[in-house]
Amino acid sequence: MSNDSVAELEFEHSKSPEVVHGSEKNDFLGNHNSVKTVTDVVCQDISSRKNNTPVNTKIPSENEQEDKRIRMKQSASVLNQLSRAPRGKDKFIGIIKNHHEVLMKDSGVPLIECQNGNEFKTKYNSHGVNAVYLLYNNDSDFGLETPQLTFENLFDYFDMKKKRTFYNSKTGSDVAMSLHKFLKEIEKRDNGNKYRILNNVSTEVSRTEVSRKEDRIDIRLPDFMESSSVVRQIRRKAENFTEAEANSACWKNEKTELKERVKELANVEKYIIFSMEDSFMDVHVDMGGTAVVYHVISGKKVIWYAMPTDENLKLFEEWELCKDKREMTWPVKEIENGFRRVEVNPGVTFVMPSACLHLVYTPVDSLVYGGNFLLAENFDESIRIAKLEKKCLENKSLETNNTFPNFWNTWFLYLEICVLEDLKNGTEEEKRTALRVGKKLYDEFKTCYREFQEWYSTKETVDMLNELRSLLEQEYPNIENIH
Ligand SMILES: O=C(O)CCC(=O)C(=O)O
Ligand SMILES: [Fe+2]
């Protein structure tokens, strides 16, 4: 008997009889009483990230070690079942529903916990953009502001008739419906009727600040996001240019005016996510390898994340590009020890760096604020994901509206009005950042700049890259010419 089958046998004992959800009888497994006696291993120090060794942990007692060993076996058994279960079917959701509490609970993947915004600021300053954070209390030092949404007050903020795309976790397909209908679906479920498990992750409300005709919801971004988001930096710079400056020869905008391009920048920073209990999103990386801020307003989310290491991304890429996914091992199972489980309760904020792999399960009906943003420091990870998305677009496994709008154009605009500008006129600190980021952009674009001719002509991109090279030369004397 292999270790796996031992784990399955032990696991069988913890099942209770079949669960009936509403009046609909699912083939869900029974509830599992998870072991709650073991303190979670909390890694406080990102310096352990490379070897995944947690620090500041107390030495577990023998009982705790035994509990942990059992939980790990249970987790492995659940992963085995999940990797065999058909996606978009009750069975898969049922396994998650009943066993998510033990799933990948004991990894040593780092998580930086912060009690308040001030602690977040201090820790973010020392650990930077490549760490994962869990902030328990959102306050003015963090800066995020969202209305206190509930399922009862949605009509105060949203156009209840507007058709939105909901993902049905039971069938794995999309369905267009209004929020009004969505609430009716919840009612149907609560009245014991057959229902769908609906999840809307595409309601973005940035534009509503300007035109309040449709959704009427205001969100203030966290301070660190406001200052580090590439799109926000471009907007700020553009706002500071006078019309004359923006149209002068120094802003190479023969094709379109700066203000037109700014209007076309992606709005992906202010999503409200509407999820019914049992919604599930399988392993993915957010569009354009963006970093994510995820704040539960009401309800609860369970997120499993894995760091964007080369190895993890390779497995994910293989999976994404595989035509027949049934033939491949589920990447979550392969990367099992690289995932960490986090529960995000109301008022709690989860911050994930660019290109993190993640899965999300919703144990109760939930309303969430989610914001995506590009980080210049994570340019390489973003480009890697965008290249993967390009291949997926080509093989039609991805649709354009699930990618970061104007991804490549945005980086050229960032190069033009942020990086070049900072290298020439920035403060010492801005220059240092621009040197680092400028080099990454240069190395990527020096060979493939001809591919991007939407917002800039080839002559403009050549001029920009040559100017960048001459500004980088002193710091990087061996820098190659564009070719
Ligand atoms: O909350 C969810 O169900 C999934 C959110 C998410 O990861 C996404 O929209 O990319
Ligand atoms: Fe996501």
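Glu119 is partly exposed in this predicted model, at 26% relative accessibility. Its salt-bridge partner is Lys123, with the closest N and O atoms 2.8 Å apart. Lys123 counts as buried, because its relative accessibility of 17% falls under the 20% cut-off. Both residues belong to helix α4 (residues 117-127). They are four residues apart there, so about one helical turn separates them.

The structure holds 31 salt bridges. One of them pairs Asp365 with Arg189, at 2.6 Å between the closest N and O atoms. This pair links distant parts of the chain: Asp365 lies in strand β13 and Arg189 in helix α5 (residues 179-190), 176 residues apart. Asp365 and Arg189 are both buried.

A further salt bridge joins the side chains of Lys390 and Glu451 at 3.7 Å, N to O. Again, distant parts of the chain are linked. Lys390 sits in helix α12 (residues 379-394), and Glu451 in the loop between α14 (428-445) and α15 (458-472), 61 residues apart. Lys390 is partly exposed at 36%, whereas Glu451 is exposed at 52%. Elsewhere, salt bridges with shared partners connect Glu226, Arg232, Arg236 and Glu269 in one network.

The shell around ligand 1 comprises five nonpolar, three polar and two charged residues. Among them are Ile273, Met281, Asp286 and His358. Oxygen atoms of ligand 1 lie 2.9 Å from an N or O atom in the Asn199 side chain, 3.1 Å from a polar side-chain atom of His284 and 2.8 Å from one of Lys301. On its own, ligand 1 has 290 Å² of accessible area, and the protein covers 90% of that. Strands β7 (198-204), β9 (280-284), β10 (291-306) and β13 (357-373) each give two or more residues to the shell.

Notes. Residues numbered from 1 in each chain as written. Chains lettered and ligands numbered in written order. Predicted model: local features only at pLDDT ≥ 70, side-chain atom pairs only at ≥ 80, totals over all residues. Heavy atoms only, no water. Near = heavy atom within 4 Å. Polar contact = N/O pair within 3.5 Å; in protein donor to acceptor, adjacent residues only side chain to side chain. Areas by Shrake-Rupley, 256 points an atom, 1.4 Å probe, with all protein chains shown as cover. Nonpolar A, V, L, I, M, F, W, Y, C, P; charged D, E, K, R; others polar. Salt bridge = Lys/Arg side-chain N within 4 Å of Asp/Glu carboxyl O. Buried < 20%, exposed > 50% of the residue type's maximum accessible area, 1.4 Å probe, protein only.
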